[in-house]
Amino acid sequence: MSHNLLAGKQGIIFGALDEKSLAWKVAEQVHAEGGKVVLTNAPVALRFGEIDKLGEKINAPIIPADATSEEELENLFNGATEHFGGKIDFVLHSIGMSVNVRKKRDYTNLNYEWMKKTLDVSAISFHKVMQTAWKLDALNDWASIVALTYIAAQRVFPDYSEMAESKALLESFARSFGYHLAKAKKVRVNTISQSPTVTTAGSGVKGFGDFFSYADTMSPLGNATGDQCASFCVAMFSDLTKMVTMQNLFHDGGFSSMGINPEIIDPG
Ligand SMILES: NC(=O)c1ccc[n+]([C@@H]2O[C@H](COP(=O)([O-])OP(=O)(O)OC[C@H]3O[C@@H](n4cnc5c(N)ncnc54)[C@H](O)[C@@H]3O)[C@@H](O)[C@H]2O)c1
């Protein structure tokens with residue numbers, strides 16, 4: 001059901017790879033709510049993913065950009081504002097990748113060159129996105145910027161490895177850049193901390209199935225789905241949440257507030 005919450009708004013969505021991607025679901029719901037979208041992903045993901053299908057479905061152009069490249073980000077923002085004939089109202093950063101996790105290196109034996117790449121792709125890219133938009137003055141007043149994160153930034157999930165530090169850094173950038181963007185342009189910046197969700201990046205973490213079902217049992221509402229995450233992103237892009245900024249918002253069915261759930265001990 002559409003409420004036309006994003007009528008007249010236009011923005012950039014990073015990170016739709018396939019139908020399971022959180023960004024894919026966000027793009028579909030933004031479109032259904034009347035928003036206009038430019039899709040982007042790393043050039044390599046454009047070759048292997050299915051983003052073309054999504055572009056056709058929601059009538060969105062695709063502008064490739066490696067989110068670690070300032071030059072490619074500049075090209076993306078210039079291309080998007082040119083396409084829309086105006087500035088940007090919302091941005092979704094839905095990007096994560098750990099080289100050490102991919103190559104199955106233990107947390108106590110990390111390769112630091114790979115770690116730098118992980119931090120650059122998963123966290124520093126968020127600063128680069130905001131700095132590019134800032135330098136080009138590409139955002140409308142009251143624009144809304146959201147990045148997706150995970151509770152491993154605050155709690156220990158051993159198999160999440162260096163992605164925990166990436167998410168802590170990502171959340172810190174939301175607060176720090178959020179200050180500057182709020183003062184200069186009334187732009188708000190938040191992170192949404194999502195439940196485990198079955199996607200390409202999610203399922204790449206060792207033991208994903210176990211911590212998916214553990215979180216589902218621990219959370220009194222159960223895990224939040226990808227579609228529900230998309231609805232929350234739409235709400236954050238809409239004018240109904242204009243005074244929310246510099247926050248890490250848990251979207252996890254209550255998981256983050258739980259100590260123990262009796263169902264974990266005695267499944268009955
Ligand atoms: N799936 C989960 O359980 C879960 C839970 C909480 C948070 N998140 C976060 O949600 C976000 C989206 O992940 P997802 O689960 O939808 O998986 P996904 O694999 O569908 O999305 C990750 C995306 O990052 C893109 N990417 C990687 N390197 C890039 C680069 N250099 N430049 C531009 N894009 C690049 C990939 O191409 C891909 O589209 C990530 O930040 C992830 O950490 C996921």
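The helices (H or I, at least four residues) and strands (E, at least two) I'll name are DSSP runs, numbered from the N terminus. And what you see is a predicted model, so local features need pLDDT of at least 70, side-chain atom pairs count only at pLDDT 80 or more, and totals for chains, interfaces and linings use all residues. Residue numbers start from 1 along each chain as its sequence is written.

Okay, the sheet. In what order do the six strands come? The open sheet goes β2-β1-β3-β4-β5-β6, and the pairing is parallel; by pairing I mean that DSSP finds at least two bridges between two strands. At the edges you have β2 (36-40) and β6 (248-251), each with a single partner strand, so one side of each has no neighbour in the sheet. From one strand to the next, the twist averages 20°. For that and other angles, axes are lines fitted to C-alpha atoms, for helices over the stretch in contact, and angles run from 0 to 180 degrees between N-to-C directions.

Let's go across it. β1 (residues 10-14) runs parallel to β3, joined by three bridges, and G11 has F90 as its bridge partner in β3. Then β3 and β4 pair over five bridges, again in the parallel sense, with H93 opposite A147. From β4 to β5 there are six bridges. Here V146 stands opposite N190, and T149 has S193 as its bridge partner.

How covered are these strands? In β4, eight of the eleven residues are buried. In β5, it's seven of seven. In a regular strand the side chains alternate between the two faces of the sheet. In β5 you can follow that along: R188, N190, I192 and Q194 point one way, V189, T191 and S193 the other, and all are buried.

Now the helices. Helix α10 (residues 226-237) lies across β1, β3, β4, β5 (188-194) and β6, at about 165° to β5.

Where is helix α6 kinked? α6, residues 112-136, has a kink of about 50° centred on I124. The bend at a residue is the angle between axes fitted to the seven residues ending there and the seven starting there. Its buried residues include T118, S122, F126, K128 and M130. The buried residues of α6 pack against α4 (70-84), β3 (88-93), α5 (99-102), β4 (139-149) and α7 (163-185), where a contact is two C-beta atoms, placed from the backbone, within 7 Å. Just after α6, D137 takes a positive phi of about 50°.

That brings me to the phi values. Most residues other than glycine have a negative phi. S161 isn't a glycine, yet its phi is positive, about 50°. S161 is in the loop between β4 and α7, and it counts as buried because it has 22 C-beta neighbours inside 10 Å. Then there's M246, with a positive phi near 60°, in the loop between α10 and β6. M246 is partly exposed, with 17 other C-beta atoms within 10 Å.

Okay, the ligand. How many residues surround the ligand? There are 27, and the closest are S21, A45, G96, A201 and G202; a residue is near a molecule if its C-beta atom, placed from the backbone, lies within 6 Å of it. Two or more residues of that shell come from each of α1 (22-32), β4 and α8 (200-203). The largest share, three residues, is from α8. By class the shell has 14 nonpolar, twelve polar and one charged, where Ala, Val, Leu, Ile, Met, Phe, Trp, Tyr, Cys and Pro count as nonpolar, Asp, Glu, Lys and Arg as charged, and the others, Gly among them, as polar.

Last stop, M218, in helix α9 (residues 208-218). M218 is buried, with 21 other C-beta atoms within 10 Å. Leaving out residues up to four places away in sequence, M218 touches F255, M258, N261 and I264. From M218 to K103 it's 115 residues in sequence and 30 Å in space, C-alpha to C-alpha.

That's my tour.

Definitions and conventions:
Buried ≥ 20, exposed ≤ 12 C-beta atoms within 10 Å, placed from the backbone.
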